[in-house]
Amino acid sequence: MEPLKAVFQSSEVELRDEAYKLISHLHAQTMLICGEGLENFGNHSDEIKSNYLWSMCDLAERSLMLISRMQTSSGNAKNE
């Protein structure tokens, strides 16, 4: 018996909401560095700084992927 393959298609609104949420989180993280200054950020351990910066990169990458999916889905809708 072949495993069931579920296909989930997100609506453009769902993709936009998710991208907005991710970008909002990224904005909040960058504001902590900007608002508190690099001196406060620099006082944290190397591991914390590395993880913090990695999480910002991850949020940015996931946001870009969602935006790409939105552009692809809107392009497909125009072609239909």
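**View 1. Contacts across the whole chain, in a predicted model.** Residues 24 or more positions apart account for 74% of the contacts in the chain with a separation of 6 or more. Everything here comes from a predicted model. The chain has two helices and zero strands. Of its 80 residues, 19% are buried. The exposed surface comes to about 6700 Å², and 58% of that is supplied by carbon and sulfur atoms.

**View 2. Helix α1 and its kink at glutamate 36.** Helix α1 covers residues 12–42. Centred on glutamate 36, there is a kink of about 105° in α1. How far does α1 span between its end C-alpha atoms? The answer is only 39 Å, while a straight helix of 31 residues would span 45 Å at 1.5 Å a residue.

**View 3. The buried residues of α1.** Which residues of α1 are buried? They are Leu15, Ala19, Leu22, Leu26, Gln29, Ile33 and Phe41. Two of these names come back in the next view: Ala19 and Leu22 are among the residues that serine 63 touches.

**View 4. Serine 63, a buried residue of helix α2.** Serine 63 sits in helix α2, which takes in residues 46–79. Is serine 63 buried or exposed? With a relative accessible area of 4%, serine 63 is buried, because that value is under the 20% cut-off. Its side chain reaches the backbone oxygen of leucine 59 at 2.8 Å. Leaving aside residues up to four places away in sequence, serine 63 touches Ala19, Leu22 and Ile23.

View 5. The structure holds four salt bridges, and one of them joins arginine 16 to glutamate 12. The closest N and O atoms of this pair are 3.4 Å apart. Both residues lie in helix α1, four residues apart, which is about one turn of the helix.

View 6. Lysine 21 and glutamate 18 are three residues apart in helix α1, about one turn of the helix. Lysine 21 has a relative accessible area of 39%, so it counts as partly exposed. Glutamate 18 is also partly exposed, at 28%.

View 7. How far apart are the closest N and O atoms of arginine 62 and aspartate 58? In this salt bridge they are 3.1 Å apart. About one helical turn separates arginine 62 and aspartate 58, because they are four residues apart in helix α2. Arginine 62 is partly exposed, at 37% relative accessibility.

View 8. Arginine 69 belongs to helix α2, whereas glutamate 12 lies in helix α1. In sequence, arginine 69 and glutamate 12 are 57 residues apart. In space, C-alpha to C-alpha, arginine 69 and glutamate 12 are 8.8 Å apart. Arginine 69 counts as partly exposed, at 43% relative accessibility.

Methods
Residues numbered from 1 in each chain as written. Predicted model: local features only at pLDDT ≥ 70, side-chain atom pairs only at ≥ 80, totals over all residues. Heavy atoms only, no water. Salt bridge = Lys/Arg side-chain N within 4 Å of Asp/Glu carboxyl O. Buried < 20%, exposed > 50% of the residue type's maximum accessible area, 1.4 Å probe, protein only. Contact = heavy atoms within 4.5 Å. Areas by Shrake-Rupley, 256 points an atom, 1.4 Å probe, with all protein chains shown as cover. Polar contact = N/O pair within 3.5 Å; in protein donor to acceptor, adjacent residues only side chain to side chain. Expected span 1.5 Å × (residues − 1). Bend = angle between axes of the 7 residues up to and from the residue.
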